[in-house]
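Q: I would like to learn how to read a few features of a protein model. Could we take them one at a time?

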Amino acid sequence: MVRTVHRSKKRVILALLAVFTFAGGGIAFAYWTSTGTGAGAAKTGTSTLFTIIGQTPVGTIAPGNAGQTVGFTVTNPSGSPQYLTAVTVALAGPTGTPWVPPTGCLIADYTATITTAPPAGDILAGDSVTGTATVTLANTEANQNPCKGADVPLYFTAT
């Protein structure tokens, strides 16, 4: 009886192998070939203006002295890095219109310069760099009393 069960199992296994062999050997593959085209689009981003904010001035503007320093911060509000080449400063109002000093005070006697330039290079999205500007008043040996107490606006430009 043991031999019969054993032989029966062998026969079943051999029969199954034969079925799988013939079935697998009989599978045919078919396919279609084709070609196609398509279109897509990508859009290049744009730059965003840097924001520049002046800080509280330090020192005093007086004829012939060291002048007043004004720290400033350049921030990249864009969502991607932007390259900062340089920052310049002018004696001008918030829209870049030239400053008109009080009567009798000459704008030519004032000088505004970038004394500590922020480093040129990429500013990462949301990051900032800092610098310093200095405003001086030349000693012209003329009466400069009309310049006393004058508010001197600075206009920063980043490129």
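**Aromatic pairs, disulfide and pockets**

A: The count comes to two aromatic pairs, where rings of Phe, Tyr and Trp (its six-membered ring) pair if their centres lie within 6.5 Å. This is a predicted model, in which local features need pLDDT of at least 70, side-chain atom pairs count only at pLDDT 80 or more, and totals for chains, interfaces and linings use all residues. Residues are numbered from 1 along each chain as its sequence is written, and side-chain values use heavy atoms, with hydrogens and water left out.

Q: Why is the pair of Phe72 and Phe156 called tilted?

A: A pair of aromatic rings is described by the distance of the centres and the angle of the planes. Planes under 30 degrees apart count as stacked, over 60 as edge-to-face and the rest as tilted. The centres of Phe72 and Phe156 are 4.7 Å apart and the planes stand at 35 degrees, so this pair is tilted. It links distant parts of the chain, with Phe72 in strand E3 and Phe156 in strand E9, 84 residues apart (strands, E, are DSSP runs of at least two residues, numbered from the N terminus).

Q: Is Phe72 buried or exposed?

A: Buried means under 20% relative accessible area, exposed over 50%, partly exposed in between (1.4 Å probe, protein chains only). Phe72 has a relative accessible area of 0% and is buried; Phe156, at 13%, is buried. The pair of Trp99 and Tyr110 is edge-to-face, with 5.1 Å centre to centre and 80 degrees between the planes. Both Trp99 and Tyr110 are buried.

Q: Which residues does the disulfide join?

A: A disulfide is a pair of cysteine sulfur atoms within 2.5 Å. One is found in the whole structure, joining Cys105 to Cys147 with S to S 2.0 Å. The torsion about its S-S bond is about 105 degrees, so the disulfide is right-handed. Cys105 and Cys147 are both buried.

Q: What volume does the largest pocket have?

A: Rolling a probe the size of a water molecule over the atoms shows where empty space is left. On a 1 Å grid over the protein atoms alone, a pocket is an open set of points where a 1.4 Å probe fits, with protein on both sides within 12 Å along at least five of seven lines; lining residues have an atom within 4 Å of a point. Grid points are joined across faces, edges and corners, and a volume is the space filled by probe spheres set on the points. The largest pocket has a volume of about 360 Å³. Of its 17 lining residues, the closest to the centre are Phe50, Ile52, Tyr155, Phe156 and Thr157. E9 supplies the largest share of this lining, five residues.

Terms used
Helices (H or I, at least four residues) and strands (E, at least two) are DSSP runs, numbered from the N terminus.
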